[in-house]
Amino acid sequence: MDGMLATSVTLPNHGPTPPDGIAADLPGRDGASRPLPRTARQQTLRQSISCVGTGLHTGRRIALALHPAPEHTGIVFRRTDMDGRAIPARFDHVADTRLSTVIADPHDPALRVATIEHLMSALSADGIDNAYVDVDGPEVPVFDGSAADFVFLLDCAGHVEQTAPRTVIEILRPVRVADGDAFAELRPGREAGLSMTMTIDFSASAIGAQTFAMRFDRQVFRRDIANCRTFTLRQEIEALHAAGLARGGSLDNAIVVDGDTVLNPCGLRRPDEFVRHKMIDAVGDLYLAGGVLTGVFAGHKSGHALNNRLLRTLFADRGAWRVRGRSPQAQALRVAA
Ligand SMILES: [Zn+2]
């Protein structure tokens, strides 16, 4: 971590595990009658946690604080340098996907937060439904380019269970988006939860073709992908720097590849670190659904743009999903559809 934790580091208990969860049995518009899986309760943070790190694109020092939030809040980013104005972390607030996932206020593009995806992935894996995320600049600190430091922060903050059931979004029929030979799709699953597969294929031989599949849960996320770093090609860095972007980028917060060579002195954390990082991105981007997806995700060369198009296409097809729960998030999805 290139930042400093501002609180003492005490690894807490994770609070009570939901004993059985609670049944949530509200069907969507389709009124489907098949039995619904039991649903866990919403969670928020036990306490606030704050730190400071570097923004990848501005190169600025950014203060980040995570705070508990009431049930039904969702994940809400707030710009403390802009009077605390808020941007809910939802797919329909995504304003840019070229270098990272950026959310913005639809009525004020200057009210934006970039590089939210790795934090969102850690929140998703830990089952945090409700949190305020305060930043004093236009992006989330990048730390080492993976989700590991966000996992650490969430461990420091701890979890607490709330009363209301989680908002669960079930995929009812396949939805697919494509761009050339790249694609992303969601389809119904045989069991509750989210199964995910990602494949990539780069001409740079240090990356090449890689596949990673997982049944998404907290333990698998932490064990198998959380510390896998973002990556870039050397020629892309030169173009970004020439355009005044990625000012905070360095070998400390990204893997840099030049053909068959990894330029980072310590090499890779795993031989297939690249595709595992793409999985982190997909987990974080899909959490912008505003609830827990249950189904099967498959991505091929899929990045932030396709991941977001996938959610927009899903929610535009009212027969492709149903949402359970009476939360404002669930109601908003029904109304927007
Ligand atoms: Zn990433």
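**View 1. The annotated binding site brings together H118, H277 and D281.** The UniProt record, an unreviewed entry, marks H118, H277 and D281 as "binding site". These three residues are spread over 164 residues of sequence, yet they cluster in space, with a largest C-alpha distance of 9.3 Å. UniProt positions follow the numbering used here, feature names are shortened, and annotations may be inferred rather than shown by experiment. The model is predicted: local features need pLDDT of at least 70, side-chain atom pairs count only at pLDDT 80 or more, and totals for chains, interfaces and linings use all residues. Residues are numbered from 1 along each chain as its sequence is written.

**View 2. H118 sits in helix α1 (residues 117-125).** Helices (H or I, at least four residues) and strands (E, at least two) are DSSP runs, numbered from the N terminus. Is H118 buried or exposed? H118 is buried, because 30 other C-beta atoms lie within 10 Å. The cut-offs are 20 or more other C-beta atoms within 10 Å for buried, 12 or fewer for exposed, and in between for partly exposed, with C-beta atoms placed from the backbone. Leaving aside neighbours within four places in sequence, H118 is in contact with S146, A147, F150, I280 and G284. Contact means that the two C-beta atoms, placed from the backbone, lie within 7 Å.

**View 3. D281 belongs to helix α5 (residues 273-286).** D281 is buried too, with 23 other C-beta atoms within 10 Å. Beyond its neighbours within four places in sequence, D281 touches E117, G303 and H304.

**View 4. Helices α1 and α5 pack at about 75°.** Their axes are 7 Å apart. Axes are lines fitted to C-alpha atoms, for helices over the stretch in contact, and angles run from 0 to 180 degrees between N-to-C directions. The two helices are therefore roughly perpendicular, a label for angles of 65 to 115 degrees; under 35 is roughly parallel, over 145 roughly antiparallel, and the rest oblique. From α1, E117, H118, M120, S121, S124 and A125 meet I280, D281, V283, G284 and D285 of α5. These contact residues divide into 4 nonpolar, 4 polar and 3 charged. Nonpolar covers Ala, Val, Leu, Ile, Met, Phe, Trp, Tyr, Cys and Pro; charged covers Asp, Glu, Lys and Arg; the others, Gly among them, are polar.

**View 5. Strands β14 (residues 175-179) and β15 (residues 182-187) run antiparallel.** They are joined by 5 bridges; pairing takes at least two bridges found by DSSP. A178 has F183 in β15 as its bridge partner. The strands form a hairpin with 2 residues between them. In the turn, G180 has a positive phi of about 65°.
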